[in-house]
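Open your viewer and keep the sequence panel at hand. We will go from one selection to the next, and at each stop I will tell you what is there.

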Amino acid sequence: MSPKIELRFPDGPPQAHPGSFKQNGMDSQRRPSEKNGAPYFHDPDPLIEEVLNEGYEQEMAAVASTMAPVHSSTINVIVQKCLCRPKQHLENASLKRERNLLVALSTVPYCNASASQWALLRGFYTAAATFALEEPALASECPRKGNHWQIVGFQGCDPATDFRGTGILSLIQLYNLVQTLPESKLAAVVQLSRNEPHDFPFAVVGINITALLVTRLRNGELIESALLCGGYLKALNRLYQSCIILFCKQWKEENCTVKDCQHILNKIDTLLRQSQKSLLNS
């Protein structure tokens, strides 16, 4: 069993906004976000697309004022001034709405009434547990609560409590990781996380990396990555995957234990601030 580490959020946990999932104390369904009758937000994975379009207008309005405007990189500013080029508007309306949505999702708590969110959570567990359990067939046994969640790196019997700081955005990223990472790499990551006494809580590390990305996203620092990748979510997921791989590489090379976790996360945060392109190209 992986030992516990502290969930750290550099800016403090984003505030969840009541009334989004609960009405009169009960879980409630959301109204889908649509544009001309079609889903507003798109993703290659139909399950992620469904979650993205469950309707988060209230949360999007609540976080809009916390989002910093985007800025060109220093080199782009110099080029514009030297060549007398007009100022570029890098973040168009579509990108701005996508960034708004993703920041909002980091404040949305896990909803027990959402079948699609449960499918994401169970999908993450099944994929990761396949490489964590001595009998992979047991990965299909996944009750909503229980000690089995600690096998894949959650801190207790209810994984929803670990999403409190980064909302369902961290769930989306965990699910996307196990669905898109090559099987051999996923197996290596999961098995490294289970290698006592140098084990680490896989899911919690992933949630912490989402927290780092949310800070950069809210501060308007991911625009160039978004333009390179074709959107903010694509950029987030590519950076996330690279950060996980880098975390594991550093963990193995430095023979780390849980006490070293924040040290490596700090290194990753520095790269996210200073060299996103190197992460995207790794």
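Which residues in helix 5 meet which residues in helix 7? Select A127, A128, F131 and A132 in helix 5, then E183, L186, A187, V190 and Q191 in helix 7: these are the residues that meet, where contact means heavy atoms within 4.5 Å.

Before the next stop, some ground rules. This is a predicted model, in which local features need pLDDT of at least 70 and side-chain atom pairs count only at pLDDT 80 or more, while totals for chains, interfaces and linings use all residues. Residues are numbered from 1 along each chain as its sequence is written, and side-chain values use heavy atoms, with hydrogens and water left out.

**Stop 1: helix 5 and helix 7**

Show helix 5 as residues 115–132 and helix 7 as 183–193. Helices (H or I, at least four residues) and strands (E, at least two) are DSSP runs, numbered from the N terminus. The two axes come within 8 Å and cross at roughly 70°; axes here are lines fitted to C-alpha atoms, for helices over the stretch in contact, and angles run from 0 to 180 degrees between N-to-C directions. Helix 5 and helix 7 are therefore roughly perpendicular to each other. (Angles under 35 degrees count as roughly parallel, over 145 as roughly antiparallel, 65 to 115 as roughly perpendicular and the rest as oblique.)

Turn the view and you will find that helix 5 passes helix 7 in a right-handed crossing. A crossing is right-handed if the near helix is turned clockwise from the far one by less than a right angle, and left-handed if anticlockwise. Colour the contact of helix 5 with helix 7 by class and you get seven nonpolar residues, one polar and one charged. Ala, Val, Leu, Ile, Met, Phe, Trp, Tyr, Cys and Pro count as nonpolar, Asp, Glu, Lys and Arg as charged, and the others, Gly among them, as polar.

**Stop 2**

Now select E141, in the loop between helix 5 and helix 6 (167–180). E141 is exposed, with a relative accessible area of 53%; exposed means over 50%, buried under 20%, and partly exposed in between (1.4 Å probe, protein chains only). Leaving out residues up to four places away in sequence, E141 touches Y125 and H148.

**Stop 3: the cis peptide bond**

Move on to E196 and P197, which are joined by a cis peptide bond with omega about 0°. You will find P197 in the loop between helix 7 and helix 8.

**Stop 4: helix 8 and helix 10**

Next, show helix 8 (residues 202–218) and helix 10 (residues 232–253), which pack at an angle of about 135° with their axes 10 Å apart. That makes helix 8 oblique to helix 10. On the helix 8 side, the contact is made by V205, G206, I207, I209, T210, L213 and L217, and on the helix 10 side by Y232, L236, L239, Y240, C243, I244 and F247. These residues divide into 12 nonpolar, two polar and no charged.

Zoom in on I209, which is buried, with a relative accessible area of 0%. Apart from neighbours within four places in sequence, I209 is in contact with Y240, C243, I244 and L265. I209 and Y240 are 31 residues apart along the chain, and their C-alpha atoms are separated by 6.9 Å. I207 is buried too, also with a relative accessible area of 0%.

**Stop 5**

Which residue has a positive phi although it is not a glycine? Select N255, where phi is about 55°. N255 lies in the loop between helix 10 and helix 11 (261–274), and at 52% relative accessibility it counts as exposed. In that loop you will also find V258, which is buried, with a relative accessible area of 18%.

**Last stop: the core**

Finally, highlight L105, F124, F154, Y232 and F247, the residues with the most contacts inside the largest nonpolar core, which has 80 residues. Such a core is a set of buried Ala, Val, Leu, Ile, Met, Phe, Trp, Tyr and Cys residues joined through side-chain atoms within 4.5 Å. Helix 10 gives the most to this core, with 11 residues.
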